[in-house]
Amino acid sequence: MDRPTIDHRGPEFARLGTECMEGVKAIFKMGDGQVFIYPGSGTGAWEAAIVNTLSPGDRVLMFETGHFATLWKRMAENFGLAVDFVPGDWRHGADPAVLRQKLEQDSGRQIKAVMCVHNETSTGVTSRIAELRQAMDAADHPALLMVDVVSSLGSIDFRQREWRVDVAVAGSQKGLMLPPGLGFNAVSPKALAASKSARLPRAYWSWEEMIPANGAGFFPYTPGTNLLYGLREAIRILVHVEGLENVFKRHARHAEATRRAVRAWGLELLCLEPAEYSNSLTAIVMPEGRNEAEFRKVVLENFDLSLGAGLGRLAGRVFRIGHLGDLNDLMLCGTLCGVEMGLEKASVPFTKGGVAAALAFLAAS
Ligand code: PLP
């Protein structure tokens with residue numbers, strides 16, 4: 001990315017833009033449809049998904065899986081949508097049985113969209129999108145399916161075409177291994193058609209404004225050119241050098257090693273459903289009476305290791321180990337060593353041997 005910024009109306013840029021917009025489709029595992037790449041963040045891409053597909057007063061169904069689901073729900077309400085927010089305990093993913101029941105009850109087909117966070121970055125819980133899709137099919141319901149893949153894309157298998165996801169919302173700063181600054185909407189033909197009659201006001205995020213310029217590899221405004229250099233390289237590495245399936249296996253292996261370390265320490269995983277364990281990150285419950293912020297401070301000051309904070313209602317109670325993106329065995333082990341040394345330094349009650357348990361698993365797998 002550390003290269004001169006080129007003219008974003010010139011032929012070299014047209015090639016870059018086209019390579020990014022077409023190449024990134026492989027990471028979403030898309031069929032027909034279009035990917036819109038915004039200079040923005042995941043939050044902007046959430047907004048783009050809402051304003052392009054829905055109208056004021058529309059009913060949508062969302063699931064309280066954690067902090068990010070709660071923020072997306074608040075945004076939907078700010079746009080005047082009627083949100084049916086299925087309550088959750090922040091330790092499980094969205095429940096396909098509840099989804100099916102809600103949709104079957106909606107005989108008038110009032111629900112226009114089902115909106116779900118694939119990987120809850122605040123909890124380390126991955127919702128089962130394939131099963132949610134099956135539940136929608138079983139209820140024979142036409143709602144759009146919109147999925148936040150901010151912390152799953154490029155780390156955990158996501159299949160836009162197979163699962164018939166209508167809008168996938170992503171950002172550059174996680175599995176794509178880039179700095180923050182790009183937001184993505186990967187959009188199905190059905191969602192593109194819905195955008196024609198949707199009436200929420202939109203300007204910057206309008207897909208319609210993007211389509212003609214994107215067709216030639218350009219943007220209707222100044223794009224994040226240097227981030228696009230990085231995106232082109234990320235596509236090359238993920239799709240063509242390591243291969244997506246190998247990337248997913250690498251993260252699954254690192255996640256399992258992390259969970260083994262946590263269990264050996266005698267600490268509790270926040271995620272209660274093994275089928276929903278996240279391969280992007282692991283959230284760990286602090287022992288009763290111990291504060292995660294104080295623990296993370298000790299780890300940062302002593303070992304220069306930055307652990308994830310407890311977010312929203314988990315503040316003070318949970319810390320998170322990220323293992324997504326450009327990570328190898330040595331980096332993971334260094335991280336786990338930092339946690340184990342930190343637990344000791346901060347006098348948190350725990351059992352030694354988490355790093356050894358992770359090493360044993362890595363050596364055998
Ligand atoms: N959704 C999820 C699952 C996230 O983890 C985040 C950020 O971490 C967001 C949405 C918001 O994205 P951003 O912070 O890029 O606006």
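A residue counts as buried under 20% relative accessible area, as exposed over 50%, and as partly exposed in between, using a 1.4 Å probe and protein chains only. By that rule R109, at 28% relative accessibility, is partly exposed. The structure is a predicted model, where local features need pLDDT of at least 70, side-chain atom pairs count only at pLDDT 80 or more, and totals for chains, interfaces and linings use all residues. Residues are numbered from 1 along each chain as its sequence is written, and side-chain values use heavy atoms, with hydrogens and water left out.

**Loop residues with positive phi**

- R109 sits in the loop between α5 (96-105) and β4 (111-117). Helices (H or I, at least four residues) and strands (E, at least two) are DSSP runs, numbered from the N terminus.
- Phi of R109 is positive, near 55 degrees, and R109 is not a glycine.
- R164 lies in the loop between β7 (144-148) and β8 (167-171).
- R164 also has a positive phi, about 45 degrees, without being a glycine.
- R164 has 41% relative accessibility, so it counts as partly exposed.

- Helix α10 covers residues 244-264, which is 21 residues.
- The expected span of a helix is 1.5 Å times one less than its number of residues. For α10 this gives 30 Å, and the end C-alpha atoms are 30 Å apart, so the two agree.
- After α10 comes G266, with a positive phi near 80 degrees.
- α10 packs against helix α13 (residues 354-364) at an angle of about 145 degrees, with the axes 7 Å apart. Axes are lines fitted to C-alpha atoms, for helices over the stretch in contact, and angles run from 0 to 180 degrees between N-to-C directions.
- The crossing of α10 and α13 is right-handed. A crossing is right-handed if the near helix is turned clockwise from the far one by less than a right angle, and left-handed if anticlockwise.
- On the α10 side, R253, H254, E256, A257, R260, A261 and A264 make the contact; they meet G354, A357, A358, F361 and L362 of α13. Contact means heavy atoms within 4.5 Å.
- This contact has seven nonpolar, two polar and three charged residues. Ala, Val, Leu, Ile, Met, Phe, Trp, Tyr, Cys and Pro count as nonpolar, Asp, Glu, Lys and Arg as charged, and the others, Gly among them, as polar.

**Helices α11 and α12**

- The axes of α11 (residues 292-303) and α12 (residues 329-345) come within 9 Å and cross at roughly 115 degrees.
- α11 and α12 are therefore roughly perpendicular. That class covers 65 to 115 degrees; under 35 is roughly parallel, over 145 roughly antiparallel, and the rest oblique.
- Their crossing is right-handed.
- F295, V298, V299, N302 and F303 of α11 touch G338, V339, M341, G342, L343 and K345 of α12.
- Seven nonpolar, three polar and one charged residues make up the contact of α11 with α12.

**Two residues placed in the fold**

- G33 lies in the loop between α2 (25-28) and β1 (34-39).
- With a relative accessible area of 24%, G33 is partly exposed.
- G33 touches K25, V187 and P189, leaving aside residues up to four places away in sequence.
- G33 and R263 are 230 residues apart along the chain, and their C-alpha atoms are separated by 43 Å.
- R236 belongs to helix α9 (residues 225-241).
- R236 counts as partly exposed, at 41% relative accessibility.
- R236 and A69 are 167 residues apart along the chain, with 31 Å between their C-alpha atoms.
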